[in-house]
Amino acid sequence: MLTIHNLQKSFTIHHLQKTFPALENISLHVKEGGFLGIVGKSGSGKSTILKSIYRTYMPQAGNIIFHSDAYGEIDLLQATTRQIVYLRKHEIGYVSQFLNVMPRTTALELVTQSLLDVGVEQQEAIARAKQALRHFDLEEKLWNSYPNNFSGGEKLRLNIACAIVKEPRLLLLDEPTASLDQASKVKVRESIEKLKAQGTTLIGIFHDLEFMEGLCDDVFTMMKISDKEVLA
């Protein structure tokens, strides 16, 4: 499903005239329908890998080969902007700790739009969006409210609902349970297990190792930039 070859990424702080390495010669493979968990200390580059796959970041070297339904085998680092936009809408989902939304867009409209983007009819999209909001315990009184006023946990649950409801072929999870209580974590785990059973490929970053237990097929451990990355 996805193979990374010798990925390298650095960041330049221009006012300091310094360049800091973030990823160095990262290589990994995720089989179709598999779940790869990425662990490591803060600052080791875990999120940088996911953002490179999603093309939020552009690495300086390496390849990210994705087996797309629409484009076949494609290097995400060489893909056009049009191709990346299509893949984000139809094949690759991303869940982060943070929710960035258009202003004056309600929670229900956000989840509904996620489904409209992949061709679901309006009435079915609304019905499935409501079902997703219920599943993630967002109270009905919040559905027609703007997420800017939500708590951190409510925003995160909404973010997860927007990504998972589309049932993407590849789902990237960047600490999706970071600010959730135990009951909400259970809901997220249930949804991940369902997607995995349906054949979705997943790559996730979790600090909660107990949450990962029984979910991940492989674990990729990130070390400091000078150390060696290990696939366990």
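**Figure 1. Lining of the second largest pocket in the predicted model.** Thirteen residues are not all named here; the 13 residues of the lining include Q131, A132, I164, E167 and K194, which lie nearest the centre of the pocket. The space within this pocket amounts to about 340 Å³. Of the elements involved, α4 gives the most, with four residues. By class, the lining of the second largest pocket comprises six nonpolar, four polar and three charged residues.

**Figure 2. Packing of helix α3 against helix α5.** Two packed helices are described by the angle between their axes and the distance between the axes. Helix α3 spans residues 107-116 and helix α5 spans residues 152-164. Their axes come within 8 Å and cross at roughly 25°. Angles under 35 degrees count as roughly parallel, and α3 and α5 are therefore roughly parallel to each other. The crossing of these two helices is right-handed. On the α3 side, the contact involves A107, L110, V111 and S114, which meet L158, A161 and C162 of α5. The residues of this contact are six nonpolar and one polar, with no charged residue.

**Figure 3. Packing of helix α3 against helix α4.** The axes of α3 and α4 lie 8 Å apart, and the helices pack at an angle of about 125°. The two helices are therefore oblique to each other. The crossing of α3 and α4 is right-handed. From α3, the contact is made by L108, V111, T112, L115 and L116. From α4, the residues in contact are Q122, A125, I126, R128, A129, K130, A132 and L133. Nine of the residues in the contact of α3 with α4 are nonpolar, two are polar and two are charged.

**Figure 4. Residues V111 and A132 in their surroundings.** V111 of α3 meets α5 and also takes part in the contact of α3 with α4. A132 of α4 belongs to the contact with α3 and is among the residues nearest the centre of the second largest pocket.

Note on methods. Residues are numbered from 1 along each chain as its sequence is written. This is a predicted model: local features need pLDDT of at least 70, side-chain atom pairs count only at pLDDT 80 or more; totals for chains, interfaces and linings use all residues. Side-chain values use heavy atoms; hydrogens and water are left out. Axes are lines fitted to C-alpha atoms, for helices over the stretch in contact, and angles run from 0 to 180 degrees between N-to-C directions. Angles under 35 degrees count as roughly parallel, over 145 as roughly antiparallel, 65 to 115 as roughly perpendicular and the rest as oblique. A crossing is left-handed if the near helix is turned anticlockwise from the far one by less than a right angle, and right-handed if clockwise. Contact means heavy atoms within 4.5 Å. Ala, Val, Leu, Ile, Met, Phe, Trp, Tyr, Cys and Pro count as nonpolar, Asp, Glu, Lys and Arg as charged, and the others, Gly among them, as polar. On a 1 Å grid over the protein atoms alone, a cavity is a set of points where a 1.4 Å probe fits but cannot get out, and a pocket is an open set with protein on both sides within 12 Å along at least five of seven lines; lining residues have an atom within 4 Å of a point. Grid points are joined across faces, edges and corners, and a volume is the space filled by probe spheres set on the points.
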